[in-house]
Amino acid sequence: RAEICTYGTDPLNNDTDNDLLEDGAEVYVYGTDPLDTDTDGDGLSDGDEVYTYTTSPVKNDTDGDGMPDGWEVQYGLDPKVDDSDGDLDGDGLTNGDEFNYDANPKDPDTDDDGLLDGEEVHIYGSDPTMMDSDGDSLSDYDEVYVYRTNPASNDTDCDNLDDYEELFVYNTDPMDNDTDNDGLSDFEEIY
């Protein structure tokens, strides 16, 4: 009865949460929650942390490198070594930054837009997880290498017409807010 009243565990099942750690060991040895398969919320079960990865089941980032253990395991990094400054895929974005930008540290071009993740973040200011960071219907690659517009701004010349409209609807220059140099902005002439 004490097991039910105190911990809410099942007295007929020695591993109430089925995480491969017995309830008594969770409470008295590991300090984990016998009702939660992943006490620290890092994406690894308490049992896997103890028996497979030898990481802490109560700290979601055993090595303190800013990347949760489960994410590190998912991408082949070591959850017991600070490898946040490494660059697993050689794209110019550290493993820690890949985590922070929700990018894939094993894919140099997470969004498959033709730009390396590191270039997107450090050079162009675009999102390495979106092919069209600014939502203007032009891929980041095309903005950089074809149209020479800013992939992080849907209106490169700040004239209130988005780059796509300028290129394909109005035939104005998305890099010049007064395409015909008459003193009126492209927006003023159109609207």
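**Aromatic pairs, surface patches and backbone angles**

Colleague: How many aromatic pairs does a search of the whole structure find?
Modeller: This is a predicted model, in which local features need pLDDT of at least 70, side-chain atom pairs count only at pLDDT 80 or more, and totals for chains, interfaces and linings use all residues. Residues are numbered from 1 along each chain as its sequence is written, and side-chain values use heavy atoms, without hydrogens or water. Rings of Phe, Tyr and Trp (its six-membered ring) pair if their centres lie within 6.5 Å. For the whole structure, the number of aromatic pairs found is seven.

Colleague: How is the pair formed by Tyr141 and Tyr145 classed?
Modeller: The ring centres of Tyr141 and Tyr145 are 5.0 Å apart, with 40 degrees between the planes. Planes under 30 degrees apart count as stacked, over 60 as edge-to-face and the rest as tilted. The class of the Tyr141 and Tyr145 pair is therefore tilted.

Colleague: Which helix holds both Tyr141 and Tyr145?
Modeller: Helices (H or I, at least four residues) and strands (E, at least two) are DSSP runs, numbered from the N terminus. Tyr141 and Tyr145 are four residues apart, so about one helical turn separates them. The helix, covering residues 140-146, is H7.

Colleague: Is Tyr145 buried, partly exposed or exposed?
Modeller: Buried means under 20% relative accessible area, exposed over 50%, and partly exposed in between (1.4 Å probe, protein chains only). Tyr145 has a relative accessibility of 37%, so Tyr145 counts as partly exposed.

Colleague: Which residue pairs with Phe187, and at what angle between the planes?
Modeller: The partner of Phe187 is Tyr191, with 4.9 Å between the ring centres, and the pair is tilted. Phe187 is partly exposed at 28%, whereas Tyr191 is exposed at 59%. The partner and the angle are Tyr191 and 35 degrees.

Colleague: Which residues form one aromatic cluster with Trp71?
Modeller: The cluster has three named members, one of them Trp71.

Colleague: What is phi of Asn18?
Modeller: Asn18 sits in the loop between helix H1 (2-7) and helix H2 (23-30), and at 57% relative accessibility Asn18 is exposed. Its phi is positive although Asn18 is not glycine, with a value near 55 degrees.

Colleague: What is phi of Arg148?
Modeller: Arg148 is in the loop between H7 and helix H8 (163-168), and is exposed at 54%. Arg148 is not a glycine, yet phi is positive, at about 60 degrees.

Colleague: What separation do the C-alpha atoms of Leu21 and Glu120 have?
Modeller: Leu21 lies in the loop between H1 and H2, where Leu21 is buried at 0% relative accessibility. Leu21 and Glu120 are 99 residues apart along the chain, and their C-alpha atoms are separated by 44 Å.
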